[in-house]
Structures are given as C-alpha cells and as structure tokens.
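Let us take a friendly walk through a protein model together. Please have a look at the sequence and the structure before reading on.

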Amino acid sequence: MPAHFQTEDEFHSKLDTGLWWKIFRRALQMKRYLVPLFITAVLIAVCDAAFAQITRWVIDGVMRDGAQAPFRTYILVYGLATTVLCVGIWVFIEMAGNLSNRLAHDIRRDCFDQLQALEFAFFDTRPVGWLITRLTSDCDRLARIIAWGFLDIVWGLSYVIMIAASLLWMNWRLGLIVIGVVPPLAVISKIFQKKMLLSAREIRKYNSQITAAYNESIQGVRTTKTLVREQDNLGEFRQLSGHMLDASVLNARQNALYFPIVATLGSLAAGLALWRGGYLATTDAISLGTLVAFINFAGQFFNPINQLAQRLTEMQGAQAAGERVMGLLATEPRIRDSDAVKARLAQFRSPDSPIPSGPPGLAPDGYPEKIETIEFRNVSFKYDTGPTVLHEFNLTVRAGQTIALVGPSGGGKSTIVSLVCRFYEPTSGQILINGVDYRERALGWLQSQLGIVLQTPHLFKGTIRENIRYGRLDATDAEVEAAAKLVNAHEFILQTEQGYDSPVGEGGNRLSTGQRQLVSFARALLAHPQLFVMDEATSSIDTETEQLIQRGLQTIFAGRISFVIAHRLSTIRRADRILVITKGRIEESGTHAELLQHRGHYYELYTSQFRREREEAVLEGAG
C-alpha cells in the first residue's frame, strides 16, 4: 500500500497549532454550544477548588466554635456548591455532546460534498476504504477531540491555576513545596501518554488488519477450500493475532506502570504537605483546616495534569486524521466550472431554486441546450501516471449517430468515452460541443445529459422501481414502466414476486446479471440523455438477454449521440461508424460492411468471434 495511505499509523512529535486552529474555527461557528461549554468548564474548576476551601472553613470553624459552629450554614453552602457542580456537569455534557455530534455532522457533510465535486482522477489513486475512513472515523475523532478536548483543557488549566493560587495564598512557602512535585508529574504524564498512545495505535492497526482478514476469508471461502489454503490462512491469521496480542500486553504493562508512578508522586506531594504543614500546624503557623486543604489539593494535582497531558497527546496522535480531513476539504477539483461559466450560471439562478435553468432552448450556461455535434480536435491524453493514451485524436459525431469503439485492451476506448463525459479533460487539444470548447460549458449540465451503462451494472439497495427512478427522481410510475418496456425489461419485472416493488438486494444480488443490466438500461433511458454510452454492457450477459437488449437499442440510440464499446461485435453491426482503436489512434474507420470488405483488423476480429460462436452453438446442439 502506498505510504500516503498509511498516515493513520504515523505519530507527530510536534503539535501543529495551525492545523488545529483551522479545525477549531469550525467549532467557533457553533458559539451557542462553545460559550456555555467554556463557562461551565471554568465553573466546575471553581467548584472543585471550592470544596477544599469549604472543608478548611468548616474544620477551622468547628475547631474555634465547637458545638456552637454554624452547621446549618455549612450544610447550605456545601449543598449549594454541590448543586452548582451537578448543574455544571449536566450543562457541559449536554453542550459537549451537541458540539461533538454537530461538528462531526458538518465535517462529514462537507467531506461528502467535496468528494462528489472531485474528478475521477482523484479516485483513481485512492482506495475506497481510505475514503470511507475519512468520512467516518477521522471525522468522528476530530469532533470528539475538539469538543471534549476543549472542555478538558479549559477545565484542567483553570483547575491547576486555582489549586496553585490557593496553595500560594494560604501559605506560599508550603505551596512552593507542594507545587515542586508538579513538573516531574507533568513530564512523566507526557512520556507515558505518548507511549500508551503508540501502543494503542498498534492495537487499532492490527485490529483493522484482522477485520480485513476476516472479511477476505469469508468472501473468498470457496477459493480457499478449492485451493486447500486453510492452514496457510490460519498461519497468516495467527501472525496478525500474535502482533495484536503483543501490542495489547505492552499497553496493559504501560498502564500498570504509569498509574502507580503517578499515585506515588501524588502521595509524595501529600506527604510533603503533611510533613511540613504538620510542623507548621503544631506551631500555630497554619490552622488544621489549612493543613487538610493542603493535603487535599496536593492529591488533586494529578487529575488536571493527567487530563491535559492525555488530551495534548491525543491531539498529536490525531494530527494525521486532521491533515487528511482538512486536506480533503482543501482539495481543489481539477475539473470544475470556470469563473466565466459560474458568472453565466448566476444569471439564470432563481432565488427560489438553487439549480439554475436557462430560457427555453438554452442550457443554464446560456448556450443552446440541444447537442448537435461533438468534436475531438487534436486530442491527446495521459493519466497522472503512465504513458500517453490518446495521440492527436480527431473525430466529429452528429446527433443521431452511433459510434462503436473496438480494439485491444488498453488501446484507449474507455478513455475516449471518459473524455466525452468530462470525467477527465484532454491533456492537449479540444473537445467541442456545437463548436464550443466543452470547458466553456457548465459541467453539471453536461453530465446531466449522460446516460451510461457499464459492463458491471450497479444497483442501489431498494426496489426495482426505485433503481429505475434513480435516473430521474421526479418520474412518475407510468414513466418508469414505459422506460422498462422500451428496453424489454417489463416482462421479467412482472414475473418477480412483487413486480416493480421487488427489492433488488445488496448491489442487486437478487437479480441475475442480465436482469440488472436491463434495469440499468431503463434507468439510463429514463433520464432522457442526449449522450448515451455503453461500455462493454453486453459482454457478461447471456445470449437471450443480449437479444432483448438488441431489440431495444434502436429506440435507445434514436436521436442521440451514442458511443458503444463492445466486446460482442454483434452489438455494433448497425452502428453508423465503427472505429478500431489501437494504441490511442484510429486504425480503421467505417461501417460494418465497409470494414468487412476492407479485410483488416476488424474483419479478423469479427470472423474469429463469429467462428467461435458457431462452434459453441454446434457443441450446445450436440449436447
């Protein structure tokens, strides 16, 4: 796996304050939660510090007045402090929970919106799992750290300041003795928190790998059994599980060592307070209540310092997640509307609708809505990595024409249709729509004119009707059924248990490959596309389904510009022009009959495939 996909396993030794400020600015937009959170964090720190002072006041009062001490006042004050503390805790849990969940919601929403705006090239180099992690665990982690981390940092700093101020106010000499334990406590907390975080990250890393191994083993169980790989798979799994065991044991040992050290330092601070404070109390230099308050404060120093060290270390560990999320949000789509196009779109955008629409006959960008011609003019293209795929490619297609693309794999067929759809843009040269460079047309409008059917059709979880309507959400049931009839899908749909309301299952697994393909054809047709693309759409279906599709193709192609990439050459015999694409160039061009007469590459492909199909038919007949 490329190194930049493993950044979640990196630990940053320095805190990037600039990065965290960018993330925190998102929280500043939610001041209705952030301000009460800040106030309650300080208020709780005041209450925590006040309890030791109340105890001091009560002890000194009892020592001075005995049974005549104002016990009702003590109870009232203590009850008031407890009530304020409870209300503060309720408020900060409410505010921190709201802030965390809403912040995670906003970051996820913006990330999802950004992913939809990015070009195909962005997804070519990033695994699906990497992208899903950005929208799930990374967003949640950042939101939790910002909300709860902000609370702990404000509370911790406030509490430490109040404890130190109280100690120095009550007796500055004794206060300095107790505070002297804080620096080593802070250093040890920082060191151990970092070590425990690293071992915890190792646990999460191996846990993710174990989950992936489970998933892969379950999905590939048939292959495993046919190749008798059970023992080998078990050995690989044992290795992963052993690594996780080692990391888990290490983390447990670090925790077992850290807490006794911290407890010892806390006891040392309390012991110093008791040693020196006890002497001062016997000489009446300080009161008994003050001594008790000193011991109480000395033992409490651990909590805020530990929380601060833990949050700062978590922020260091989460910097990789922050960089990935903020980097995604900051990514500028390389394929997007120019400023000039945006200005034209703004002219037609209604205040009542965020989607611009032009006057009758015009697209939202002000150009004619009807696509009459598409022209490739000296188009060359190469992906981010690898050689040039297309070389000075020229082609003009008019409305109503069907262009078939055939040739060896890697020749550039799929690249041509991807460029037409503007999933990618030419490295050099131009693609023109009605004589206008399509980079001067609105991207959203162009892609709304597409109807695409791929080799492996993807259906979404839901019913057949919902999957067809996905092509146009405002379509009526009658329009959905009409589209299905045009592609000859209506009959098989009626034969399913619930007709159009039959669930297709996860990814369409309740339907056969051919049935899924027919549904995808109906979905594409329902959108009334001006550009229709078939990319190996009939290569993996049975002959009967192909014949059904063939009968509907003329209806689908009528009046549209169509591009067909075909493995089965029977699909393209009626194409207006067939292009044999080899190494990014047009090797042959003509109709089916013309290319057969030419007896070139296409002739060899067609006769070879025709001979093979005849042999298969004979064998099936003999069987």
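Are Trp155 and Tyr159 buried or exposed? Trp155 is buried, and Tyr159 is too; buried means under 20% relative accessible area, exposed means over 50%, and partly exposed is in between, using a 1.4 Å probe and protein chains only. Before going further, note that this is a predicted model, in which local features need pLDDT of at least 70 and side-chain atom pairs count only at pLDDT 80 or more, while totals for chains, interfaces and linings use all residues. Residues are numbered from 1 along each chain as its sequence is written, and side-chain values use heavy atoms, leaving out hydrogens and water.

Now for the overall picture. The protein has 22 helices and 10 strands; these are DSSP runs numbered from the N terminus, with helices (H or I) of at least four residues and strands (E) of at least two. Of its 623 residues, 45% count as buried. Contact means heavy atoms within 4.5 Å, and among the contacts with a separation of 6 or more, 76% come from residues 24 or more positions apart.

What lies inside? The largest nonpolar core has 75 residues, and those with the most contacts inside it include Trp20, Leu99 and Val178. Such a core is a set of buried Ala, Val, Leu, Ile, Met, Phe, Trp, Tyr and Cys residues joined through side-chain atoms within 4.5 Å. Helix H5 gives the most to this core, with 15 residues. Apart from it lies another core, of 40 residues, among them Val453 and Leu569. Leaving aside neighbours within four places in sequence, Val178 touches Leu167, Ala269, Ala273, Phe294, Ala298 and Phe301.

Let us turn to the aromatic rings. A search of the whole structure finds 14 aromatic pairs. Rings of Phe, Tyr and Trp (its six-membered ring) pair if their centres lie within 6.5 Å; planes under 30 degrees apart count as stacked, over 60 as edge-to-face and the rest as tilted. In Trp155 and Tyr159 the ring centres are 5.4 Å apart and the planes are at 40°, so this pair is tilted. The two residues are four apart in helix H5 (residues 128–170), which means that about one helical turn separates them. Phe376 and Phe393 have ring centres 5.2 Å apart and planes at 85°, so they are edge-to-face. Because Phe376 lies in strand S1 (residues 373–382) and Phe393 in strand S2 (residues 388–398), the pair ties together parts that are 17 residues apart in sequence. Both of these Phe residues are buried.

Rings can also meet charges. The charged end of Arg422 sits over the ring of Tyr438, 5.6 Å from its centre; this requires NZ of Lys or CZ of Arg to be within 6 Å of the ring centre and within 35 degrees of the ring normal. Arg441 lies over the face of Trp445, 4.2 Å from the ring centre.

Next comes a helix with two sides. The buried residues of helix H13 (residues 339–347) are Val341, Arg344 and Leu345. They cover an arc of only 100° around the axis (taken from the directions from the helix axis to the C-beta atoms), so they are on the same side of H13. The face turned away from that buried side carries the exposed residues Asp339 and Gln347.

Finally, look at the backbone. Most residues other than glycine have a negative phi. Asn378, in strand S1, has a positive phi of about 50° although it is not a glycine. Asn378 counts as partly exposed because its relative accessibility is 38%.
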